[in-house]
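Please read it alongside the sequence and coordinates.

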Amino acid sequence: MTTKGKALVTGASSGIGRETALQLAQEGFQVIAAARRKERLEELSRQSSLIVPRPIDLSDSKALDDFSKELLHLSEPVTVLINNAGFSIRGAVEDVSVSAVRSLFEVNLFALLQITQACLPGMRRLRKGTIVNVSSIVGKFPFPTSGPYSATKHAVEAITDALRMEVRPFGIRVVTIRPGVIGTEFNETANRLTGDLLSRTDPDYKPVYQAYGAGMGRLFTHVSIPGPELIAHLILEAVLSESPKAVYAAGPFVQELLGERFRLDDEEFYEFLMEKTGLKGLKV
Ligand SMILES: NC(=O)c1ccc[n+]([C@@H]2O[C@H](COP(=O)([O-])OP(=O)(O)OC[C@H]3O[C@@H](n4cnc5c(N)ncnc54)[C@H](OP(=O)(O)O)[C@@H]3O)[C@@H](O)[C@H]2O)c1
């Protein structure tokens, strides 16, 4: 069967990745759909004969090495790579263990890097390809309690920006996607992995978490949270475009917050963000 080419979507078992895999298949791409939950991937592959499930735990270095070898030796290389798999663990910087931070980096950054490195030789050979890295609004500034997760996305942004300049001479396009809050399983997973912060933190931090929780509650009252289709559309727009933008961003408050981040200096921006998130003036 002739297709528009081979795509790989990581984190395809739910949310943004699942929707992107479906839309790419609808456009006629053959899609390798990667994630841990095999049944979810098999269900997805029943939606389109162009979707091929590839169960993998991206935090397992042996599994990642095997997958990289597979990618390097594909007879038809991946020319559309959507690095989307990712998760968050929340907490003040003092409250998140270093091993938990490492686990975030394993999936959000190191797996993205290794898969990208495994796809690049094929793209260079063909002198074409599109790499889309899913960052976040917190790839440009952290919210309180999102320091470790934001650190992974800041790292994704840096790798993506450097790569964009390095591979453009070979006709390979590299795109950053910056979603704001999107209605997927992301929050549920973050809550499960974070556990009950208030019960284990030092009493000093309780008012900080409470003020932040209340501030975010106020910020999001009456805000309708978009579904993953919003971001999948942006990804498709980038993939199908003759000359994609470097960065696509969407979601509640995203334009305002990123606009302020680039307009204000550091001093002013973090005062603005403390106010937005309910922490301004808090004294414990
Ligand atoms: N939703 C938001 O508000 C939001 C905002 C900004 C950025 N983002 C970013 O958007 C991307 C997609 O998230 P989402 O919102 O669609 O969340 P989601 O519904 O939770 O999807 C996350 C995907 O990542 C996969 N994944 C997580 N850990 C993995 C591992 N160890 N190995 C393989 N796959 C793994 C999950 O699959 P399995 O569990 O089956 O492995 C799942 O398919 C992430 O990079 C996230 O950081 C999301």
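The points below are grouped by topic, starting with the basis of the model. The model is predicted, so local features need pLDDT of at least 70 and side-chain atom pairs count only at pLDDT 80 or more, while totals for chains, interfaces and linings use all residues. Residues are numbered from 1 along each chain as its sequence is written, and side-chain values use heavy atoms, with hydrogens and water left out.

**Ligand site**

- The ligand is surrounded by 29 residues, where a residue is near a molecule if one of its heavy atoms lies within 4 Å of it.
- Ser14, Arg36, Asn84, Tyr149 and Thr184 are the closest of these residues.
- By class, the shell has 13 nonpolar, 11 polar and five charged residues; Ala, Val, Leu, Ile, Met, Phe, Trp, Tyr, Cys and Pro count as nonpolar, Asp, Glu, Lys and Arg as charged, and the others, Gly among them, as polar.
- Tyr149 places a polar side-chain atom 2.6 Å from an oxygen atom of the ligand.
- Taken alone, the ligand exposes 870 Å², of which the protein buries 96%; accessible areas come from the Shrake-Rupley method with a 1.4 Å probe, and for residues only the protein chains shown count as cover.
- Helix H1 (15-26) and helix H5 (147-167) are the elements that give two or more residues to the shell; helices (H or I, at least four residues) and strands (E, at least two) are DSSP runs, numbered from the N terminus.

- Ser13 sits in the loop between strand S1 (6-10) and H1.
- Ser13 counts as buried because its relative accessibility is 7%; buried means under 20% relative accessible area, exposed over 50%, and partly exposed in between (1.4 Å probe, protein chains only).
- Not counting residues up to four places away in sequence, Ser13 touches Arg18, Ala35, Arg37, Arg40 and Leu41, contact meaning heavy atoms within 4.5 Å.
- In helix H2 (residues 38-45), Leu41, Leu44 and Ser45 are buried.
- These residues lie on the same side of H2 because they cover an arc of only 95° around the axis, the arc being that of the directions from the helix axis to the C-beta atoms.
- H1, strand S2 (30-35) and strand S3 (51-55) are what the buried residues of H2 pack against.

**Helix H3**

- Ser68 is in helix H3 and is buried, at 8% relative accessible area.
- The side chain of Ser68 reaches the backbone oxygen of Leu64 at 2.8 Å.
- Beyond four places in sequence, Ser68 touches Gln114 and Ala118.
- Glu70 also belongs to helix H3 (residues 61-72) and is partly exposed at 39% relative accessibility.
- Glu70 and Ala118 are 48 residues apart along the chain, with 8.6 Å between their C-alpha atoms.

**Positive phi**

- Most residues other than glycine have a negative phi.
- Arg127 has a positive phi near 55° and lies in the loop between helix H4 (98-126) and strand S5 (129-134).
- Phe253 has a positive phi of about 65° and lies in the loop between strand S7 (247-250) and helix H10 (254-263).
- Phe253 is partly exposed, with a relative accessible area of 23%.

Terms used:
Polar contact = N/O pair within 3.5 Å; in protein donor to acceptor, adjacent residues only side chain to side chain.
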